[in-house]
Amino acid sequence: FCSAGRGAAFAMVSLIGCVAPHRISVLVAAIASGTLADDWPACQEQNTVIRNAGRALFTNLQGFGATVGCFQDDCQNSDKFVASSVESCTKVCLSLPECEFWVWGQEEGEQKCWFRLGDDGREAGEGWISGARSCTPPGQAATGMGNTECWVEGFNYDTCCDPKFGPSGNAQCWDGVFNYDRCCFPKDEL
């Protein structure tokens with residue numbers, strides 16, 4: 001996890017230290033053009049899609065609230081989901097440590113988010129919007145998986161909701177107050 005919190009010079013050094021070497025030129029160009037995270041929505045790449053190209057990020061999106069529009073109808077192992085806004089894409093990408101790029105566009109008549117490990121497969125696409133992980137609305141923060149109100153006394157998403165426990169999660173986590181549906185999905189919709 002990379003963080004900057006001691007002024008502009010420290011932030012720059014920290015940020016560059018967090019970027020893969022092959023992406024530093026992109027970062028320098030972003031700095032020069034002024035398209036860093038605080039430059040929302042100018043950081044969005046309009047009419048640009050980033051296709052799979054072997055760089056799709058397949059992960060458990062269900063814990064962030066994804067329930068439909070996932071790859072092969074499996075939101076526990078998908079690179080996409082139906083979402084209500086582009087901000088849903090930015091929030092989930094920011095919450096996934098491996099995510100480098102998000103994509104917002106339409107598939108089969110539904111608006112969806114996609115997540116990418118890199119920008120291989122970048123191409124023009126009418127109506128599509130793409131952005132780097134750092135392209136987020138002001139003040140947006142990463143979110144935890146599931147309903148964070150449930151994670152007390154040593155319980156957490158991984159120990160209770162991991163797909164390895166089956167469709168109802170880990171039975172040892174549930175009682176009259178806490179259950180799979182309440183705890184394994186976030187309170188707020190995407």
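1. A quick definition to start: a salt bridge here is a side-chain nitrogen of Lys or Arg within 4 Å of a carboxyl oxygen of Asp or Glu. Please keep in mind that this is a predicted model, in which local features need pLDDT of at least 70 and side-chain atom pairs count only at pLDDT 80 or more, while totals for chains, interfaces and linings use all residues. Residues are numbered from 1 along each chain as its sequence is written, and side-chain values use heavy atoms, with hydrogens and water left out.

2. Let me begin with R51, which forms a salt bridge with E123; their closest N and O atoms are 3.3 Å apart. R51 sits in the loop between β1 (45-50) and β2 (80-82), whereas E123 belongs to strand β5 (residues 122-132), so this pair ties together parts that are 72 residues apart in sequence. Helices (H or I, at least four residues) and strands (E, at least two) are DSSP runs, numbered from the N terminus. On accessibility, buried means under 20% relative accessible area, exposed over 50%, and partly exposed in between (1.4 Å probe, protein chains only). By that scale R51 is partly exposed at 38%, and E123 is partly exposed at 37%.

3. The search of the whole structure finds seven salt bridges, and another one of them joins K187 to E149, with the closest N and O atoms 2.9 Å apart. This pair links distant parts of the chain: K187 is in the segment after α5 (180-183) and E149 in the loop between β5 and α4 (157-161), 38 residues apart. K187 is exposed, with a relative accessible area of 56%, while E149 is partly exposed at 45%. Salt bridges with shared partners also join E45, D119 and R122 into one network. Within that group, the side chains of R122 and D119 meet at 3.0 Å, N to O, and R122 counts as partly exposed at 32% relative accessibility.

4. Now the sheet, which I would look at next. Five strands make an open sheet in the order β1-β5-β3-β4-β2, with antiparallel pairing; two strands pair if DSSP finds at least two bridges between them. β1 and β2 are the edge strands, each pairing on one side only. Neighbouring strands of this sheet are turned by 45° against each other on average, direction ignored. Axes are lines fitted to C-alpha atoms, for helices over the stretch in contact, and angles run from 0 to 180 degrees between N-to-C directions.

5. Strand β3 (residues 101-107) pairs with β5 in the antiparallel sense over four bridges. There W102 stands opposite G131, and the bridge partner of F101 in β5 is A132. Helix α3 (residues 86-95) packs on the sheet, touching β2, β3 and β4 (110-116), and its direction makes about 145° with that of β3.

6. On to the interior. A nonpolar core is a set of buried Ala, Val, Leu, Ile, Met, Phe, Trp, Tyr and Cys residues joined through side-chain atoms within 4.5 Å. The largest one has 23 residues, of which F81, V92, L96, W102, W104 and F115 touch the most other members. α3, β3 and β4 each supply at least two residues of this core, and α3 gives the most, with four residues. With contact meaning heavy atoms within 4.5 Å, and leaving aside neighbours within four places in sequence, F81 touches residues including L61, V68, S88, V92, F115 and L190. A second, separate core of eleven residues includes Y157, C161, W174 and C184.

7. Last, the aromatics. Rings of Phe, Tyr and Trp (its six-membered ring) pair if their centres lie within 6.5 Å; planes under 30 degrees apart count as stacked, over 60 as edge-to-face and the rest as tilted. The structure holds five aromatic pairs. In one of them, the rings of F58 and F71 have centres 5.1 Å apart and planes at 80°, so the pair is edge-to-face. F58 is partly exposed at 34% relative accessibility, and F71 is partly exposed with a relative accessible area of 34%. Y180 and F185 also form an edge-to-face pair, at 5.9 Å centre to centre with 90° between the planes. Y180 counts as buried at 12%, and W174, Y180 and F185 form one aromatic cluster.
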